Amino acid sequence: MRALIIRREHQSHAGYVGAWLVERGFALHEVTVVPEERFHAPDVRFDFPSAGDFDVVVSLGAPWSVYDSATIGSWIGGELALPAEAVRADVPVLGICFGAQAPAAALGGRVERAPAFELGWHTVESDEPTPIPTGPWYQWHFDRFVVPPGGRAIARSAAGPQAYVVGRSLGVQFHPEVTPGIVAAWPAGGGDAQVRDLGLDVEALRRVEPGARERAAALVDAFLADVAEI
């Protein structure tokens with residue numbers, strides 16, 4: 001089986017989620033929307049692959065906002081078209097942070113500024129411990145999604161919904177994929193100044209909680225079995 005991994009930029013990758021998909025027999029096809037040299041000017045031209053060519057799509061996070069089309073530029077159109085195409089083609093999507101917000105917006109929900117940011121490790125309130133255990137899960141977001149019509153929220157925090165299911169797809173606001181390399185890269189790539197401005201401890205954000213790999217694997221297994229039904 002083939003999994004399409006959508007990376008928005010060079011600092012992020014599928015991490016523990018991708019590694020477990022490989023363990024489950026998936027071949028990963030990774031694409032990166034914004035190349036490293038355009039990280040600070042992300043309004044590039046990018047043609048998204050067809051979701052119908054894959055058995056599952058994993059859509060990762062981004063340091064930009066879905067609604068900030070002035071910064072993102074023209075690729076937001078393809079970004080929003082892909083989850084709609086996936087739903088039509090009955091291709092399951094696992095959306096993570098930005099990758100969960102974009103499908104919510106594309107399917108009739110929306111993305112908005114959250115009343116409070118979440119950075120670092122947080123627990124969530126889950127209605128369905130399978131597929132969403134309470135955590136802790138790694139968070140790095142200032143926006144939140146509004147669950148689209150026909151979807152159902154299955155986890156939340158004070159900042160807003162944390163997970164939703166629509167059809168055979170699952171969107172999560174947190175980052176189950178994070179590895180030591182990922183949580184080191186995000187502050188080093190410019191997030192450390194943002195973190196310090198918020199009065200937070202940069203070193204705490206570089207830590208990976210015990211059991212993160214196992215929780216990511218459990219989430220992937222539950223997504224495949226209970227949501228995607230693969």
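The following is a dialogue about how terms are applied to the predicted model above.

Visitor: What makes strand 6 and strand 8 a pair?
Guide: Strands are DSSP runs of E with at least two residues, and helices are runs of H or I with at least four, numbered from the N terminus. Two strands pair if DSSP finds at least two bridges between them. Strand 6 (residues 125–126) and strand 8 (residues 152–157) are joined by two bridges, so they pair under that rule. They run antiparallel, and E125 has R156 as its bridge partner in strand 8.

Visitor: What stands opposite R156 in strand 9?
Guide: P161 does. Strand 8 and strand 9 (residues 160–166) are antiparallel and joined by five bridges; they form a hairpin with two residues between them.

Visitor: Why are strand 2 and strand 6 said to stand at the edges?
Guide: Eight strands form an open sheet of mixed pairing, in the order 2-1-3-4-10-9-8-6. Strand 2 (27–32) and strand 6 each have a single partner strand, so one side of each is left without a neighbour in the sheet.

Visitor: Which way do strand 3 and strand 4 run?
Guide: Strand 3 (residues 56–59) and strand 4 (residues 93–96) run parallel, joined by three bridges. S59 stands opposite G95 in strand 4. Helix 7 (residues 212–227) packs on the sheet, touching strand 3, strand 4, strand 9 and strand 10 (169–172). Contact here means heavy atoms within 4.5 Å.

Visitor: Which residues touch the most other members of the largest nonpolar core?
Guide: L21, V58, I132, L170 and F223 do, in a core of 28 residues. Such a core is a set of buried Ala, Val, Leu, Ile, Met, Phe, Trp, Tyr and Cys residues joined through side-chain atoms within 4.5 Å. Helix 7 gives the most to this core, with five residues. F223 touches residues including V56, L94, L170 and A228.

Visitor: How do you know that F145 is buried?
Guide: Buried means under 20% relative accessible area, exposed over 50%, and partly exposed in between, with a 1.4 Å probe and protein chains only. F145 has a relative accessible area of 1%, so it is buried. Y164 has 2%, so Y164 is buried as well.

Visitor: Why is the pair of Y138 and W186 called tilted?
Guide: Rings of Phe, Tyr and Trp (its six-membered ring) pair if their centres lie within 6.5 Å; planes under 30 degrees apart count as stacked, over 60 as edge-to-face and the rest as tilted. A search of the whole structure finds ten aromatic pairs. The centres of Y138 and W186 are 6.0 Å apart and their planes stand at 40°, so this pair is tilted. Y138 lies in strand 7 (residues 137–146) and W186 in helix 5 (residues 180–197), so the pair ties together parts 48 residues apart in sequence.

Visitor: What makes the pair of F145 and Y164 edge-to-face?
Guide: The planes of F145 and Y164 are at 70°, with 4.9 Å centre to centre, and an angle over 60 degrees counts as edge-to-face. F145 is in strand 7 and Y164 in strand 9, 19 residues apart.

Definitions and conventions
Residues numbered from 1 in each chain as written. Predicted model: local features only at pLDDT ≥ 70, side-chain atom pairs only at ≥ 80, totals over all residues. Heavy atoms only, no water. Axes fitted to C-alpha atoms, helices over the stretch in contact; angles between N-to-C directions. Lists of a residue's contacts leave out its neighbours within four places in sequence.
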